[in-house]
Each structure stands twice: as structure tokens, then as C-alpha cells.
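Please read them with the structure open.

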Amino acid sequence: MPVFTLPIAFLALLAVPALVAIYWLRNRARERRVSSLLLWLDERQRWEGGRRVHRLQTPLLFFLELLAILLLTAAAAGPVLRAGNAARPLVVVLDDSFSMQAGAAESPREKAVRAIEAELRANRYNSVRFLLAGETPQLLGESGEDPAAALRLLQGWRCGAATAKLDEAIAFGFELGGSRARLLVVTDHAPPASSADSADGADGADGADGRLQWWSFGAASPNFAIVQATRTRRDPEDRVMIEVANLSSSAGSTTLDIDANAPFALSLAAMETRRILLTLKPGAPPLRARLGDDALRADNELLLLPDARPPVRAAVRVRDAALRALIDRALESATGIAMNAEPSDLLITDEDGAPSSTDNRQPATDNPIEQWTLRLLREPDAASLLGPFVLDRAHPLTEGLSLGGVVWGAGRAEQAPGTPVIMAGNIPLLTDLDRAGAHELRLRLRPDLSTLQETPNWPILLANLIAWRADAAPGPRPANLRLGEQTTLTLPPGIDAVTLTDPQRNTRRIPVIGRSLPLRADAVGLHEIDAAGVRFSFAANALQQRESDLTQAASGRWGNWANAPSLQWEYRSIVWALLLLTLFVLAIHAWLIRRNERE
């Protein structure tokens, strides 16, 4: 049964009485007696409209004209036909956080998979799309055209993200599905108040208008979790800090097992956190810790790798005794340094003929990154400079420096090779020349005209240099991450691709541009990297207290798709069909008129 979207157009039916009148009101010809009809051009009787009422004449042309008027009026009224209520897309937003794994075999994820399967088999959709809600929304494969194909996509739903940003995923889902799509959110907690109102049919800020349903499959349960952990090198030892929290509404106890240590028995009050401090011997292997089994397994295990960076091998070749003493005293306070080791990673010299960074490269097996050089320039024509000093705060060497009130003795030449790092007005005092990853630094300094070496800025400057050089060594920085964080892998020269193996032993090859590669910790456990035979690794741990807290988990369903008027039925316009039929009727009408004229 058609539905008319513009009923006022039926006023055009007033043209029907006018058409009938044309055929009804006609003049009868008066009878005249004549002697002959030879002089008449057309002796056939013609009927024309007039004022006399006669019997209604209904030739075929009348019915065609009446049909054309009816068809045009119906087309102007905008008729649509109801096509059914199943031809619409479905977008399913999947909570991809690791809290969906709570409960093992009866986890919220497993319950959600069964509920989604029942929904897809009970209703027909023209397409089904799955959207993973993690740190950023991400499509899970292509759209499935039938329930079996759609359910196969759910095998890629791993629930390993650090958090689930559902609001962003919902907004993206509405844009992805279009105005006709239904949106289903699958998670383990109840919706916030604004989303619940929108799901129940109110016009929310996101414009859901009843198109949103929220299904939750969680269950509130107590949970012990490792919520914080660090491992820091403090020569010659490693310091470890671990925090365990009782995320429940009542007191409880658990056991923390740590490699090569006696188990720690922990009794914690509700929502209490306990901190454990350890000291590891130099060269200690990766540390593993584990809590007793409870509702959620991902936050019970911990892996902390040692800082694999070797100490920076520094060589000092300074002829000036006073300047040499200043450098040695500053380097004594720096950590992570091996003095006068060969081959060296860092050369500090005041010799004019000392090799540059590009001339003193070490073999790849000993030192994959070229030697860096700090060249001290003692210029005879120098003066004491009071500033103002301009520092490049984005450069690693300027971190923590404050040159207010400092006197700096240096030459007045305005030209120096490299990028200025510290300047006095327009005079460069420290420059950085990058030669394909090997840095050559030039420091203009006259200690007899300066107070720089008498302030904390001097040891800070050299400590920054040592730390910067250590960070440039091959390997990931940092090596211990929270789930979802990103590390930067520094590579030896000449590497164009690496192979990454995740904790599930899945491997993928990643191309490399330059000598650094950002990598995200997207799974809990050990990630291994093979860079042309050189191996590195980093660890990811589920240290997210908000996701580990299961006290707010709940089950239920919110929203009713039947409350969305625009989704109750699907309508198709038939105006085009009426117009085509009208053209066909008018074509027959014109053909009949032409045939009558020929006769």
C-alpha cells in the first residue's frame, strides 16, 4: 500500500471536472435545409464545447487524458512503498580492552560472541561491520554480507588494548554506517547517563535518535592487580619497584612470586595498594613476577627487562691541563660512562688535527654507530660575554641549563659549522653538526674568561652529552612499557627492515626509514626484534588500574531500536514509475490524434 508524502498535491484532481465538462457541454448543430452539399468543405458533423448539455461522450482520448491527470497528480503527491525492515547496515562497536578477558571461559568476550551470533541469525542485515574500540577506533576486517562471514571476523577480536575509548568509536560508527545504520555497543560495563538516554530513544548529543543499543556482559568481582612497576639502573645495581592493589570492596590476600625471591604474602584492605622495593645485582636477567590466580589474568603477570644500554666509552684528549681537569671532574659525576675505553663512542678533544666523526668510524661488530666528537675551541681573540644567551630548548644538550648570570669567554666570530645550540646574541658558542648520525660538536670556551665551569651548568652540559650519546646506542628506549605505550627503536646503520615477533609468536616484517623506528606495545609480554641478525627486545605489561578494577562491571541491555521511527520500515519512492507511465499514456494519446487527422 503506497504512502503519500505530499497529500496536498491531490488538489490537482480539480482538473478532472474541467475535463469532463469539456466532453459533456457541447453545441447541437441546428438543422438547415439546403439544395446541395457540393459547396461544403467538410460535411461531417463536429462536436465542440458549448453551453448546451447533451449525453456524455466518452471516446478513448477522454480516458487517456483522465488517466494522465490521475498519474501526474499521484506523482506530485510523492508516493512511496514500504520495502521492509531488514535492509539496513549494522555497526558493532567492540570493547577491545583487556578487562573483557575477565572470567576465562565465561569472560564478557565469550558471552558477547554468543549474543552477537544470535542477533545476526535472528535478523537480516545488508552489511555488518565490526569496529574495535581501543586507544583509537579500528575496523576489524571488511564488512560481512552474511552471518557466517561476519562471525568469522570476530576471531580477530583479541581484547588486548590498554583501554577502550567507546565515545570516539561510537561517533566513528555513526559516520561509518550512515543515517540508516543500527549501532550496537558491546562492553562489560553500563553506559554513562548521556549514552543511556540516547540509547533509550532520546535525541542525544551524538544524534543517535534511537539507533543505539548498549549490551554489557560484565560481572562485578574482586581482583588483585599489579598496577605499577619500574626497573631503573643505579650503578652498579638495578632498583625495582612493584605496586600491587586490591581492587575490591572488601579485604583480601594474595601471593606475589618473584624470580629468585621468596614469595611475598600480601594482605590488603579494600582498594589498598602495597609497594615492594627490590635491589638486583649487576647483570641480573629479566625479572618475572606473578600474582595468584583471580578473575583477570592479564594484570597478574609482570616482566621487567634490564637496561641493555652499554656504558658510553669516552676518550679525553685535551692538552690544556686546566681544561682537562675541568672535564675529568665533570665526567666523574656522570653515570653510565666508561673512561678511556677503546674503541670510543665519544671523543673529547682540543686538538685541531683530531679525526672528525666521519673519519673515525668503528667496525659494526664493536660499535655500530660512528664515534661522536666534542671539539673544544680555545680562540686567542676572545672576550667575556654576558649574554643574552639563546638556547635551543628542543636540543638534548640544553635540558636543565640556566645561563642567567653566567660569564662565557669565547671568540666573537659569527660563523661556525653546524646548527647553533647555544648563542650569545648572534655569536654561536655551541654548535651541532650531524654527519649521517655521527655528531660533531664544537664548543667555544676560554675558562680563564668564564664562570661557566664554576656553576652547575658545566656538569649538567656534559651529563646531557653522555645521556644523549647513550640514547643513540642501538636498542629500544624505553625497554619496559605499559600496554599501549610506544617505544623508539634505534637501529645500527644500513638496516632497511626488521622482523618483529609478538608474545603470541606472530611475526611481521616492518620497513625502516632512517635509523629509528617507533613501535607500539599492543600485546602483553615479550616483543622480540631481529634487525639483520642483531636482536633486541622490549616488554609490555598491563599496568592499567582503571581496566583492572572490575567492581563497576555489570550486565544488561540498554536501548530499543524499535523506538527509532526512521528505522521501523524502509520506504522506496515510486514517483519515477508514475512519470514513465504518464509519458507512455501521452504518447498513445498523441498517436491517436495524429491517426484521426490522417483519416
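1. How many of the seven residues of strand E26 (residues 438–444) are buried? Six are, so strand E26 is largely enclosed by the rest of the structure. Bear in mind throughout that this is a predicted model.

2. Strand E26 has two partners. Strand E20 (residues 372–377) runs parallel to E26, with five bridges between them. Leu374 sits opposite Leu441 in that pairing. On the other pairing, strand E25 (residues 427–435) runs antiparallel to E26 and is joined to it by six bridges. There, Arg435 faces Ala438 of E26.

3. E25 and E26 form a hairpin with two residues between the strands. One point to check in this hairpin is Ala436, which takes a positive phi near 55°. For background, most residues other than glycine have a negative phi.

4. The chain as a whole comes next. Its 599 residues are 44% buried by count. It holds eleven helices and 36 strands. Among contacts with a separation of 6 or more, 71% link residues 24 or more positions apart. The accessible surface is about 31500 Å². Carbon and sulfur atoms contribute 54% of that surface.

5. Helix H3 covers residues 108–122, which makes 15 residues. From first C-alpha to last, H3 reaches 21 Å, close to the 21 Å expected at 1.5 Å a residue. The buried residues of H3 are Pro108, Arg109, Ala112, Val113, Ala115, Ile116, Glu119 and Leu120. An α-helix has 3.6 residues a turn, so residues three or four places apart point the same way. Note that Arg109 and Glu119 are on the buried list.

6. What do the buried residues of H3 pack against? Their partners are strand E5 (89–95), strand E6 (127–133), helix H4 (147–153), strand E8 (182–187), strand E9 (212–217) and strand E35 (555–558).

7. Strand E8 contains Thr187. Is Thr187 buried or exposed? Thr187 is buried, because its relative accessible area is 0%, against a cut-off of under 20%. The side chain of Thr187 makes a polar contact with the side chain of Asp95, at 2.6 Å. Leaving aside residues up to four places away in sequence, Thr187 touches Asp95, Met100, Leu166, Trp214, Trp215, Ser216, Phe217 and Gly218.

8. Strand E11 (residues 237–247) pairs with E14 over eight bridges, in the antiparallel sense. In this pairing Ala245 is opposite Thr273 of E14.

9. The other sheet has four strands, ordered E13-E12-E15-E16, and the pairing is antiparallel. Its edge strands are E13 and strand E16 (301–304), each with pairing on one side only. Neighbouring strands are turned by 20° against each other on average, direction ignored. Strand E15 (residues 287–291) and E16 run antiparallel and are joined by four bridges. Arg290 stands across from Glu301 of E16.

10. Met271 lies in the loop between strand E13 (264–268) and E14. Where does its backbone stand out? Met271 has a positive phi of about 60° although it is not a glycine. Met271 counts as partly exposed because its relative accessible area is 44%, between the 20% and 50% limits. Beyond its sequence neighbours up to four places away, Met271 touches Asn246, Leu247, Ser248 and Asp549.

11. Please also inspect Ala532, in the loop between strand E33 (525–531) and strand E34 (534–541). Its phi is near 55°, a positive value in a residue other than glycine. Ala532 counts as exposed, because its relative accessibility is 66%.

12. Finally, a peptide bond. The bond from Arg477 to Pro478 is cis, with omega near -5°. Most peptide bonds are trans. Pro478 is in the loop between strand E27 (475–477) and strand E28 (480–482).

Definitions and conventions. Residues numbered from 1 in each chain as written. Predicted model: local features only at pLDDT ≥ 70, side-chain atom pairs only at ≥ 80, totals over all residues. Heavy atoms only, no water. Expected span 1.5 Å × (residues − 1). Buried < 20%, exposed > 50% of the residue type's maximum accessible area, 1.4 Å probe, protein only. Contact = heavy atoms within 4.5 Å. Areas by Shrake-Rupley, 256 points an atom, 1.4 Å probe, with all protein chains shown as cover. Pairing = 2+ DSSP bridges. Axes fitted to C-alpha atoms, helices over the stretch in contact; angles between N-to-C directions. Polar contact = N/O pair within 3.5 Å; in protein donor to acceptor, adjacent residues only side chain to side chain.
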